[in-house]
Each structure stands twice: as structure tokens, then as C-alpha cells.
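Thank you all for coming; I would like to take you through one structure this morning. Please have a look at the sequence and the model first, and then I will begin with a term that we need.

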Amino acid sequence: MFKNYFLIAFRNLLKNKGYSFINIMGLATGMGVSLLIGLWLQDELTFDRYHENYDRIAQVWQHNIYNGVRSSQMSNPHLMGEEIRNNFGSDFKYVLQASWNGTHILTHGDKLFNKRGFYFEPEVTEMLSLRMIKGQRDGLKDPHSILLSESVAKTFFGDADPLGQLMRIDDREDVKVTGVYEDLPRNTFFRNMGYLLPWELYLISNPWIKKNENPWGSNFTQTFVQIAEGADMEKVSAKIINVKMNKLKDEDDRKYKPEVFLHPMSKWHLYSDFKNGKNAGGRIEFVWLFGIIGVFILLLACINFMNLSTARSEKRAKEVGIRKSIGSQRLQLVNQFFSESVVVSFLSLFVALLLVQLALPMFNQVADKNLSMPWGSLPFWVTSIVFSVITGLIAGSYPALYLSSFQPVKVLKGTFRAGRFASLPRQVLVVVQFTVSITLIIGTIIVFRQIEHAKNRPVGYDRNGLIQVFTSTNDIHNKFEAVRTELKSINAVDEITEADSPPTQIWNSNGGFTWRGKDPSLAIDFPNNGVTYEYGNTVGWQFKAGRNFSRDHATDSLTFVINESMEKFLGFENPVGEVLTWDKRAYTIIGVIKDMIIGSPYEPVRPTLFHISKDEGSVILLKLNKSIGAHEAISKIESTFKKFSPASPFEYQFVDQEYARKFGDEERVGKLASFFSSLAIFISCLGIFGLASFVAEQRTKEIGVRKVMGASVFNLWQMLSRDFVVLVVISFIIAMPLSLYAMNIWLSKYDYRTHIAWWIFLAAGIGTLFITLGTVSYQSIKAALTNPVKSLRSE
């Protein structure tokens, strides 16, 4: 019986090749989009699951009250791990202190590269369930050891055995390779972990840490834990809430009211945002967004199938009547029509798989992923088959129930007509299609408007021709004046400076500031950047009041240049000349600059201070000489750096490109949304094309009569297109408030945001209308140009 069902299904597909092609391509496109989004969702939802102890690993965070606002941070005092271990040891299996994921120079022989990695306590291999390829899991017990990732080991040693080989870190410390671990996947927090160094070596290399008189007042390391078997994450988190507060002796530090808590690994990726001390989501919003888009686009494709199947009802009416008259039950007819839709669905699945394979490289580039088709995965094939069957059943549900309901007597007597309201369900489905499409188009336009709005925000400095070089040794710092003199003498740069932080990131913030009129109860924390005298000229500060740092003023070593936001926070009418006390020293404000966008371009600028620092800077900024090409200038800079720091690889970044990275997530959302919007319109137009073709075929004789009676081609085009235009207009009216509501919610998470202009809705509506008319016009004009003699011959 089922063999017969499928045989008839294939015959019907071959008999109506045009409609079959539209159905298969529409469903294939919808299924392809759903598969792509499914691969993306799997990658997002399985983030960090590489680690076997995923559900019991957490990072120690803390809430603090800074500048009157409760904020959350993952940085901790270096004694945090030890304190938790000593007081709450029974609740944890591992408590490990770690550095930030920093870049260091690794050297072996004549090979030297900048690589990213962590300093970690020895049990990290167990906690993160690293898969060792060579060496022992306890390879970090020796303070002068190093574990390498497989790719880093390959870079330095090729096919040779790296175990026991000596390497040098930042031209300061020698370490021995004690193990090699498998590269971690891209979808893990530790994906850039090229090496692991012992935590003990971190303390040895930075002797100032143990000399710190107020160790609990400094937050510059990370703490990771694995709770004990059977322990409850929330209960354990509640136990450690006052760990830091109990250790603080300084009254100014106690004003921050720190509350320590555990942030589970299961939430690191998707729930990484905090607002006022509460978790405010994060990338989970994108997961929901694209998941909903995938469902809607598949629904659009299913609607096409439903519409074209029911539109051709009169063509199948006699078949239904004959089958019922010779004894077929309605259930059998339902099964017949379901089998047809499942056959179309399976054919669409194979086309969809091909489309996905072709689209993956482009999709990976846009989505910043490394997805691949899991051809050898049994769960993937089982899921695909189930997905195809479900899609076929959904697409075929309405046609099966509708077609199987025909009365055989009316059909065989020839008195069956679809009826006045038979097309109403199809019209409703078309409205749904275009409502979704127009909503996606409006949303896409607003996303790009928000990105452009933030990009056009004044940044407060000149990024053009500005490059940054991160340093891991003090070679350039110790010879800074000689380097600066040589670079300027060979006309490679206009200016060069050192800084503690790059101009696109906040690396340092401090409290302990006092000034005239300050509220004693206020707990403050300001980003600050230690720089050399040339910083302002290098980045192109825009002064609002006062002056720049100058070597001509001996007292400038104890001065501040502040930004506009700091000026507003202090509340002075004229802050130049005012004194701030910091670390028991008095600093005079000598200048006020326009706000530099250092953090997120979507958020308010934080009050920030700049001061002269004689310590080693982490970043060197260079303003390229505009009179020569960038390539020539950078070549001269590289030669000079190699001369003064031969043990350091020369790697640079353009600051404008680093700033552009801040828009990465939003730009990816915009590009993916525009891609999916285009496909949604394509699927909708494919369905409209099929319906227009059927309507033209159904009204062939009417068109012939009208032409004989003198109707012009334009009159006929207008008649055939009118119904579809009305449906698009209705869709537009519904889509407007839906998209306005949804995009207002999305924009509300940005402090610096664009407004939703009226022309966006108009452009989306008119654009969709023209696309629809273009789609319908082909069939309408084709029908209008047909010779009426042919269409009326049977009469």
C-alpha cells in the first residue's frame, strides 16, 4: 500500500514539473536555512562542553559598588584561591588561581613567537580535563616547566619530541617542556590557550606581588573552581559571599562592599552580561533570535507547499472523488497526500544538504565560526531524517485534510467548485509570509542603522595612521628616547609614546582618589592610563580646556589630564588647577580633553584620568608619517625595533581596525539578518510566483474574453496583480507595529542608540511591494499577451 502511495507521489511530481520545482526549491531553501542555524545553535549551546567537569566548574566573580553603581567583575586578588581553599575546602575539589590570558614571547633556538596562554596552578590539567598527547598531567609542579598545546609544539619543534626541551619566556625565564596537550576547540573559553605556565613562576617573575602591603585591595588575577561531587553551586556560592570583605582592612576598600560569587561555566558564554549586579543575559539573545528566524523561514517554505497544493485542489478533485467512490477511506487519502509531502520533503532535504555544504564557507566567514557538516555522525542523520519527516507532515497537514474532505457526489457530477472563500486560508498564509519577511527587513535596516550610529560617534582622538605594538620585554622601554630619536630622524613616525593600556581598551582602574567637596561615603573607581609626555600628540587629543603634558614643566609628573566625563563627575565649574589626592600624593589637573571612546561605543564614557608614568608601558603607540606610505613607514619601524629589541618579534595592529572590532557582534547579526531576510523574501516570492502562475492558468478564459472585449495588457496586468498587492499592504500594516515593538526592545539595551525613523518602514514596504510586483508581473503579462483565440478555442 505504501509503495503505491509513493509511486503515485512520484508520478504527480513528474506530471507537474513546474510546481514540483517551486515546492522543492522553496522547502530546500527553508530547510537549508534551518540546518545552517541548527549547526550554529549546536556550536553555541555546546560551548565549553569539551571539559568533562563542565557542570561543576565555575569562575569566582565579585560584585562591587563603584561610583554609585553596582558592577560585576571577574578579576580577583591573587590570594582569593588560597583563602577559599583554606576556609571552604570541603565544598571544592579544585580551587585554582590563574593569570589573564596574556601574550608572551616564547623562544627556542632561533625561533621566537608571540603566543597566548595562562599561568595556572598545577591541577588545571585535571580540572579542564586536558587530553595529554605527551608527558605527564602533573607537569606544572616544577615552577620552571611549561605545557604546550599541540599546535604550538608543532610550530617550535615540528615532528621532533619536545619533552625536556628548554624554552625562554620574554627573554627572562628558562622553562622545560614537560607535556603536550591536544588543541582545544574554538567553542571554549580557553580556545586560545597555547601554553600553560606554573602559577609559582608568575609570582617569581613578579616579585612586587608579594611585597604589596594591601594585597586584597588589588584585583588583577582570575580564580577558577570545581565544586565537590554532590555540592550545590548556588549554596556554595552563597557561602563565599563575604570572603573578600572579611579580609579588607582599608576603610576605602570596604566602601566597595564586595560580594564574591560563583559564575558557572555553563553561563560563561551565553550569560556573560551583568547589570546592577544581576545577570542580564548576553549571547543567549542571539540564540533565541536566530532560532526564531530559523523556525519562521521554515514555516514560510511550508506555507508555500500548503498554498500551491490547495490552490490546485480542483485539479485533484476528480481523483479524490473516484477514490472515495470505489471505497477509499478518508484516512487512506490523508496518508496518500502525506506521503506526497514527505517525498517532497526528502527530495528537499538532499537539495538542502547540498546548499548548506556550498554556503558553509561564506556562513563561517560571516558568523566567525568554523562549522562543518557532520557527514559521519549517526545522530546528525537521524536528526535530519526526523526533521525531514516532521517538515513534510507540517507542510502536508493542511492540504491532506483539505483535499481529503471533498464530497465525491459533487466532484463526479461536475458541480464542485472551490467556493467564494476557498482562497481565504491561502491569502492568510501569504499575509503571514510577507509579514515575517517585512519584519525581518525592517529589523535588518535598524540593526545597520544602530551600527552606523555608533561608528559615527566622535571618538575623541585621531585613529588614522595610528598603530600599536604590545611589549613583553623592557628593551624598548629602557632605550625609549634612543628609539624615538631614531624613528623621527628617519621620518618613519610623527610621534611615538608608551602607555599602560591601548586606546581601545580599559586595562587599569583604581580607587582611593579624594578631592575638594568629595562625599566621604562615595566608593569610586576610575580608569586611568599611565603614559609618556608624547601621548597626547601621538593620539591627537582634542582639548576642551587647559594644556597637554610637557617636559618643560618639571611638576607634570604629578599632574592629571582628565576627560569630559571626569569633569562632570567631579562637578567643578573649572577643574583646571584643582587638586586630586591619590596614593597619598597630590596631583594637579592641567587639562580637560574630549571623551575618548575607550570602552564600548554603545555605552557612556567612564570618567578617566591620564598621568605620567616612568614605569614600563605595556603598549607602544606610533603615529605614522603621512608623507610616506604606511608600508614603508612600518618597514622602517620594524628594522628599528629589531635593532633595539632583537629578542622580540615585531607585531603591530592598526588602532582603527582594533576599534572596528568593537562592532563585530552587531555587524555579524546585521549580515546574518540581511542574509536570512533575503532568503525569506526569496521563499515568499517563489510562492507568489507559483500562485500567480496558477491564478493566470485558472483565469485563462476570463482573460481571453476580456481581451476580445477590448481590455488592454495594462488592464489585465492590473487585474491579476491587484489581489497580491492588497495582501502585501495588509502584511505591511501588521509588520509595522510588530517590528517597532521588537526593535525598541533590542535597542533598549544600548545607552547610545539610534532612533527609529519613519522612512525605514516606508522603504521596507515599498521595496517589498516592488519585488512582489516584479514577481507577479511575469506571469500576469505572459497571460495578458496570450492570443485569446487559443484560450477560447474550446468554447
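On a 1 Å grid over the protein atoms alone, a cavity is a set of points where a 1.4 Å probe fits but cannot get out, while a pocket is an open set with protein on both sides within 12 Å along at least five of seven lines, and lining residues are those with an atom within 4 Å of a point. Grid points are joined across faces, edges and corners, and a volume is the space filled by probe spheres set on the points.

Before I use those terms, a word on the source: this is a predicted model, in which local features need pLDDT of at least 70 and side-chain atom pairs count only at pLDDT 80 or more, whereas totals for chains, interfaces and linings use all residues. Residues are numbered from 1 along each chain as its sequence is written, and side-chain values use heavy atoms, with hydrogens and water left out.

By the cavity rule, the count comes to five cavities of 30 Å³ or more, and the largest cavity holds about 140 Å³ of space. Its lining has 14 residues, and those nearest the centre are F470, F641, S645, S648 and P649. Two elements give two or more residues to this lining, namely strand 15 (466-470) and helix 20 (630-644); helices (H or I, at least four residues) and strands (E, at least two) are DSSP runs, numbered from the N terminus. By class, the lining divides into seven nonpolar, six polar and one charged, where Ala, Val, Leu, Ile, Met, Phe, Trp, Tyr, Cys and Pro count as nonpolar, Asp, Glu, Lys and Arg as charged, and the others, Gly among them, as polar.

In the loop between strand 15 and helix 16 (475-478) we find T471, which is buried, with a relative accessible area of 19%. Buried here means under 20% relative accessible area, exposed over 50%, and partly exposed in between, using a 1.4 Å probe and protein chains only. T471 touches E616, G617, S618, V619 and I620, leaving aside residues up to four places away in sequence, and contact means heavy atoms within 4.5 Å.

Let me step back to the whole protein, which has 26 helices and 26 strands, and in which buried residues make up 52% of the 795 residues. Of the contacts with a separation of 6 or more, 79% are between residues 24 or more positions apart.

Which residues have the most contacts inside the largest nonpolar core? They are Y461, Y535, W541, F549, M596 and F610, in a core of 45 residues, a nonpolar core being a set of buried Ala, Val, Leu, Ile, Met, Phe, Trp, Tyr and Cys residues joined through side-chain atoms within 4.5 Å. Helix 15 (residues 424-455) gives the most to this core, with seven residues. Apart from this core lies another, of 44 residues, including M31, L39, L298 and L360.

Turning to aromatic rings, a search of the whole structure finds 46 aromatic pairs; rings of Phe, Tyr and Trp (its six-membered ring) pair if their centres lie within 6.5 Å, and planes under 30 degrees apart count as stacked, over 60 as edge-to-face and the rest as tilted. F560 and W582 have ring centres 6.1 Å apart and planes at 40°, so this pair is tilted. Because F560 lies in strand 21 (residues 559-563) and W582 in strand 22 (residues 579-582), the pair ties together parts that are 22 residues apart in sequence. F560 is buried at 0% relative accessibility, and W582 is buried at 14%.

Finally, the second largest pocket holds about 810 Å³ of space, and among its 24 lining residues the closest to its centre are L289, I292, T439, A742 and M743. Helix 10 (284-311), helix 15, helix 22 (664-698) and helix 24 (713-747) each give two or more residues to that lining, which comprises 16 nonpolar, six polar and two charged residues. Helix 24 also contains W746, which counts as buried at 15% relative accessibility and touches V447 and Q450, not counting residues up to four places away in sequence.
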